Every structure is written in C-alpha cells, then in structure tokens.
Amino acid sequence: MSKLGRSGVIGLRRRVLAGVLLLGLGAHEAIADASIAVIVGKGPPKILFTRTNLADIFLKHILVDDNQAALVPLNLSSTNPLRRAFSVSLFGEQPDDLQRYWTERYFHGISPPYTVHSQESMLRFVTSTAGAVGYVASCRVDDRVAVVMLLPVPAAFKESINQLCPQ
C-alpha cells in the first residue's frame, strides 16, 4: 500500500473523479447556484486541481504543471466583486490583505498574477494562453473553456455575483 494508505487513495480517486466530472461541464449545463468557476483552456495543465494546489498556483508557489509547462494565473482587478469573492473563498482574505505578501515576493523576483479587466477578457486570455488558470462567475462559463473547480461564493458577495449573471 502506498504512503497515502487505503483511505487516502480512495479520497484521491474521488477528487480525481470529481475533477473529471467538472471538466465535462459545458455552457449549457451552467451551475444553478452562484459559484466561482475556476477555468482553463482546452488541453488543460497537467496538475491535480485541489484547493491547496489552486492557492499555491495563485500565490506562485507552484509555477509549472506536472509536465514542467508554465502555469499562468490570472486575476480580475482588486476592486472587482468577483475577485474579492474569489480571494475570500480561496484564501480567507481580501485582495488588499495580500498586498504585503506580494511586496515581499516582488523583492524575490516574483510578480503577482496578471490582471485582466473583465470576465470576457479572462475567458479570451485563458482560451488563447497555454497554462492559463482563471475564474469567472459560473454563469459565464462557455464552450471555450473547461471548469476544473467550483468555489463557493461567500455570503457577503452572493448578491453582487448574482448581478454579474444575465437573467
């Protein structure tokens, strides 16, 4: 038996199966409840998308996937309600609270993730850039991208995120 043990292997299999199921989500199967869809382009990076790995990608602790291809995390502007919801959901902190972290990383030669100005820009960048990892409101997912994870929208942001979705 591996270091994971039987229960660890079963848990890993469940996470992989959940990831495979999420990759199959299309635009016409949009998630009914407000959520944040973590997206990649077709031909996704080779990495197991867990919350821990996702946080490490966005904090730039993980820079390449399992094939040593560069990962390119993307953010919306720090004032965008979806960015704020993403940050609270993933890190438990507002984007402004991470500023000190990025200032320290900058002096080690590591820049924060690229910033795009809209969800449509996010979709286009992810579609056209190998290794790009971004996020949009789940209602904005379309056939150009694959969903690798869904994050819950914190209660304080539900109304503003729901307004991003056409009725």
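Before looking at any crossing I wrote down the convention: a crossing is left-handed if the near helix is turned anticlockwise from the far one by less than a right angle, and right-handed if clockwise. The model is predicted, so I noted that local features need pLDDT of at least 70 and side-chain atom pairs count only at pLDDT 80 or more, while totals for chains, interfaces and linings use all residues. Residues are numbered from 1 along each chain as its sequence is written, and side-chain values use heavy atoms, with hydrogens and water left out.

**Overall layout.** I found six helices and five strands in the protein chain, where helices (H or I, at least four residues) and strands (E, at least two) are DSSP runs numbered from the N terminus. Along the sequence they follow the pattern α-β-α-β-α-α-β-α-β-β-α. Of the 167 residues, 43% are buried, meaning under 20% relative accessible area, with exposed meaning over 50% and partly exposed in between (1.4 Å probe, protein chains only). Taking contacts as heavy atoms within 4.5 Å, I noted that among those between residues at least 6 apart in sequence, 71% join residues at least 24 apart.

**Helix 2 and helix 3.** I looked up the axes of helix 2 (residues 51-58) and helix 3 (residues 81-91), which come within 10 Å and cross at roughly 125°; axes are lines fitted to C-alpha atoms, for helices over the stretch in contact, and angles run from 0 to 180 degrees between N-to-C directions. Helix 2 passes helix 3 in a left-handed crossing. From helix 2 the contact draws on R51, L54, A55 and F58, and from helix 3 on F86, S89, L90 and F91. I sorted these contact residues into six nonpolar, one polar and one charged, counting Ala, Val, Leu, Ile, Met, Phe, Trp, Tyr, Cys and Pro as nonpolar, Asp, Glu, Lys and Arg as charged, and the others, Gly among them, as polar.

**Aromatic rings.** Searching the whole structure gave six aromatic pairs; rings of Phe, Tyr and Trp (its six-membered ring) pair if their centres lie within 6.5 Å, and planes under 30 degrees apart count as stacked, over 60 as edge-to-face and the rest as tilted. One of them joins Y101 and W102 edge-to-face, at 4.9 Å centre to centre and 80° between the planes, and W102 is buried at 10% relative accessible area. Y106 and F107 also pair edge-to-face, at 5.7 Å and 80°, but here Y106 is exposed at 56% and F107 is exposed at 68%.
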